[in-house]
Amino acid sequence: MKKLILFLFFFPLSIFAQDDLLKEIDTVETNVKVESAFKSLKIINLESTKLAAKGDLYLVVAHRFDYVKNGFDDFFGMDNANTQIKFLYGVNDWLTVHAARSGFQETYDLGVKYRLKSQIKDGFPFAIVGFSSIAVNSELKKEDYPLLKFANRLSYVTQILISRKFTEKLSLEIAPSYFHENTVRDILDTNNQPIIPNPQNNSQFALGLGGRYKFAKRWSVNIDYAAHLNRASESIYKNPLSIGVDLETGGHVFQMHFTNSRAMHESGYLGQTSGDWSKGEIAFGFNLVRVF
Amino acid sequence: MKKKSIKLSTVAFFSLLLYSCTNDSLSDLTTVDDIETATYTQNVKPIIDNNCIICHGSTPTNGAPMSLTTYTFVKQAVINRGLLDRISRAEGTSGAMPFGGPRLSQTNIDVIIQWNTDGLQE
């Protein structure tokens, strides 16, 4: 009798336990992060929401050739390359730092990229990543510009990168950007004399837009664009537009594209893109991304 | 919590950097020197030597068509090859000189323009 009571006492519990286990198998796992909206750390010129994993070191070698419009004279711009060499390190899964040097205005730049929010499957719809960088123009010479101070070489960029992976194939990104060039280029009038005072504000705003569409397992087509929001009307600079493809091979991402920007660092392509697509002032370029 | 404090300090670090902001344009960084009469040896040659003869040397390189090492060559270039126009164009536009490099400072360009107005003296 005692044994029976004891049995009855425990019986329902064991039933519940069975139920719970079954439930656990059936429920959909929540809080799944949606990863790899973009294959590379950049869409083309615009930073993507991808970060380096903790402890990963990346080497990025990027080239922008000269405009294709001169044809065989300089072999579609191949004779004049602009190179950027960049090292990236994943300090944490949410923090990536980089240091780079590029030939455009002999620029050094340092930057940080930090994840604020991940896109969650059936949850938070966007990935939000912050990006800040500081660039040093080492090309300006004291002999030419006697009043040059170190601060005059600097420019700063802050961007909020918001991306959404809509499907396995399609990801889009929007990037409100603020940048400040301590020294803006002179804008010339019709007699090629600088307009004084310079109509271009040093503090500038831009809206970056980008996306990728995977058309095969290892291939995707990428586009990015940045609309400058307070450019002086006399300015010769244009909005950068880039179109290209990504090829992913194990350990490498190879990005090939056409762009009207010769600069590769943020304040350079946002503020000083001089090429005009309609005049054939576009250049072939590539980013080679290698992880160690 | 730790994560948050690192994030905050990163933001603080970058906002500190922003304090060293300046609002200049390139022409604000130059001084104007008053030259009575510009001559090649006194005023023009140093500018050409610093900026042009890397390519326009006695043996021109990188596709440069002519040399700019002597008074005669530079004078010829101003008269026949539109040197003033080429160095005046905006940086990054087609045909702008120095090729691929930064535009000369406006002061230097104005010196060469003055040399032309003063009669291209040696």
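**Chain A, then chain B**

Reply: Chain A has two helices and 13 strands. Its radius of gyration is 25 Å, well over the 19 Å that the globule rule gives for 292 residues, so chain A is more spread out than a compact globule. Keep in mind that this is a predicted model.

Me: What does the C-alpha trace of chain A span along its principal axes?

Reply: About 110 × 40 × 35 Å.

Me: And how much of chain A is buried?

Reply: Buried residues are 40% of the 292 in chain A.

Me: What share of the contacts in chain A is between residues 24 or more positions apart?

Reply: 58%, counting contacts with a separation of 6 or more.

Me: Switching to chain B. What is its secondary structure?

Reply: Chain B has five helices and one strand. Starting at the N terminus, the order is α-β-α-α-α-α.

Me: Which residues are buried in helix 2 of chain B?

Reply: Helix 2 of chain B covers residues 40–51, and the buried ones are B:Val44, B:Ile47, B:Ile48 and B:Asn51. They cover an arc of only 95° around the axis, which puts them on the same side of helix 2 of chain B.

Me: Which exposed residues are on the face turned away from the buried side?

Reply: B:Thr41 and B:Asp49 are the exposed residues carried by that face of helix 2 of chain B.

Me: Confidence next. What is the average pLDDT of chain B?

Reply: It averages 85, and 84% of the residues in chain B score at least 70.

Me: Which elements of chain B have the lowest and highest mean pLDDT?

Reply: Helix 1 of chain B (residues 2–17) has the lowest, at 62, and helix 3 of chain B has the highest, at 93. Where pLDDT is low, the predicted coordinates should not be read in detail.

Me: Last one. What are the ipTM and pTM of the model?

Reply: The model has an ipTM of 0.75 and a pTM of 0.82.

Terms used:
Residues are numbered from 1 along each chain as its sequence is written. Chains are lettered from A and ligands numbered from 1 in the order in which they are written. This is a predicted model: local features need pLDDT of at least 70, side-chain atom pairs count only at pLDDT 80 or more; totals for chains, interfaces and linings use all residues. A residue is buried if 20 or more other C-beta atoms lie within 10 Å of its own, exposed if 12 or fewer, and partly exposed in between; C-beta atoms are placed from the backbone. Helices (H or I, at least four residues) and strands (E, at least two) are DSSP runs, numbered from the N terminus. The arc is that of the directions from the helix axis to the C-beta atoms. The radius of gyration is taken over C-alpha atoms; the globule rule is 2.2 Å times the number of residues to the power 0.38. Two residues are in contact if their C-beta atoms, placed from the backbone, lie within 7 Å. pLDDT is the predictor's confidence in each residue, from 0 to 100.
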